[in-house]
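Thank you for coming, everyone; I would like to walk you slowly through one structure today.

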Amino acid sequence: MAGFMISGCNTTPVSLSYNPALAPAKPAAAMPVVEVNSVVDQRENTSNRIGAIRGGFGNPLKKLETPAPVKDVVRDAFVEGLRARGLLADGNTGTYGLQIGVKRLDSSQLVRREAHAKFDISVIEKASGKQLYSKTAEDNRSDEGSLATGILASTEDLRKITNDSLQAAIDQALNDMGFLAVIKTR
């Protein structure tokens, strides 16, 4: 039995990304004034681990990991979110810098699938170094899962719910009226 449990444990590389087609329309006053300055992974997981499909005892049977460190995945997703809104500054030309702390980006499935994304966002005025805005964006979701659990469960279904949570938390952060007011876009 133990040999079967160990042989069933594997790691699946999965991609997470921001889908610009799902972003809201560009704000009328959108100007490319924001750049992503830093992203820090503050999670307890290893730098690439985002989730697991678990067996009946809670043991991980299928681990999901990103090919690149999660901080880079989150950075790329925020860049795409800013670009889709017409807010991304090219190179080092932004008036404002976005600093992101990755508090949570993870998923799990025993029977039901769950995914969580939580980011601390700060907007820094580059000229003065002053923090102008700070907020936490968070998304938690779950679905009914499936009767196909354990080694029969789909890593793609768990990847998708994780990606949906990532997308929703980024949209929440970049659509926030306080954020848009600070960068003077309404």
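This is a predicted model: local features need pLDDT of at least 70, side-chain atom pairs count only at pLDDT 80 or more; totals for chains, interfaces and linings use all residues.

How many helices and how many strands are there in the chain? The chain has 4 helices and 7 strands, where helices (H or I, at least four residues) and strands (E, at least two) are DSSP runs numbered from the N terminus. Residues are numbered from 1 along each chain as its sequence is written, and side-chain values use heavy atoms, with hydrogens and water left out.

Let me start with the whole chain. If you follow the elements from the N terminus on, their order is α-β-β-β-β-α-β-β-β-α-α, and the C-alpha trace spans about 60 × 25 × 25 Å along its principal axes. Of the 186 residues of the chain, 46% count as buried, and here buried means under 20% relative accessible area, exposed means over 50%, and partly exposed is in between (1.4 Å probe, protein chains only). When we look at contacts between residues at least 6 apart in sequence, 74% of them join residues at least 24 apart, a contact being heavy atoms within 4.5 Å.

Now to a pair of helices. The axes of helix α2, which covers residues 70–84, and helix α3, which covers residues 155–175, come within 10 Å and cross at roughly 50°. That angle makes α2 oblique to α3, because angles under 35 degrees count as roughly parallel, over 145 as roughly antiparallel, 65 to 115 as roughly perpendicular and the rest as oblique. The axes themselves are lines fitted to C-alpha atoms, for helices over the stretch in contact, and the angles run from 0 to 180 degrees between N-to-C directions.

Which residues in α2 and α3 meet? On the α2 side they are Val74, Ala77, Phe78, Gly81 and Leu82, and on the α3 side they are Leu166, Ile170, Ala173 and Leu174. By class, this contact has 8 nonpolar residues, 1 polar residue and no charged ones, where Ala, Val, Leu, Ile, Met, Phe, Trp, Tyr, Cys and Pro count as nonpolar, Asp, Glu, Lys and Arg as charged, and the others, Gly among them, as polar.

Staying in strand β6, we come to His116. Is His116 buried or exposed? His116 is buried, with a relative accessible area of 11%, and, not counting residues up to four places away in sequence, His116 touches Arg104, Leu105, Asp106, Asp139, Asn140 and Ser165.

Two of those residues, Leu105 and Asp106, are also touched by Asn45, again leaving out residues up to four places away in sequence. Asn45 lies in the loop between β2 (34–41) and β3 (49–54), and at 34% relative accessibility Asn45 counts as partly exposed.

Lys103, in strand β5 (residues 96–109), is partly exposed too, with a relative accessible area of 40%. Lys103 and Lys118 are 15 residues apart in sequence, and their C-alpha atoms are 5.3 Å apart in space.

Pro67 and Ser15 are 52 residues apart in sequence and 7.1 Å apart in space, C-alpha to C-alpha.
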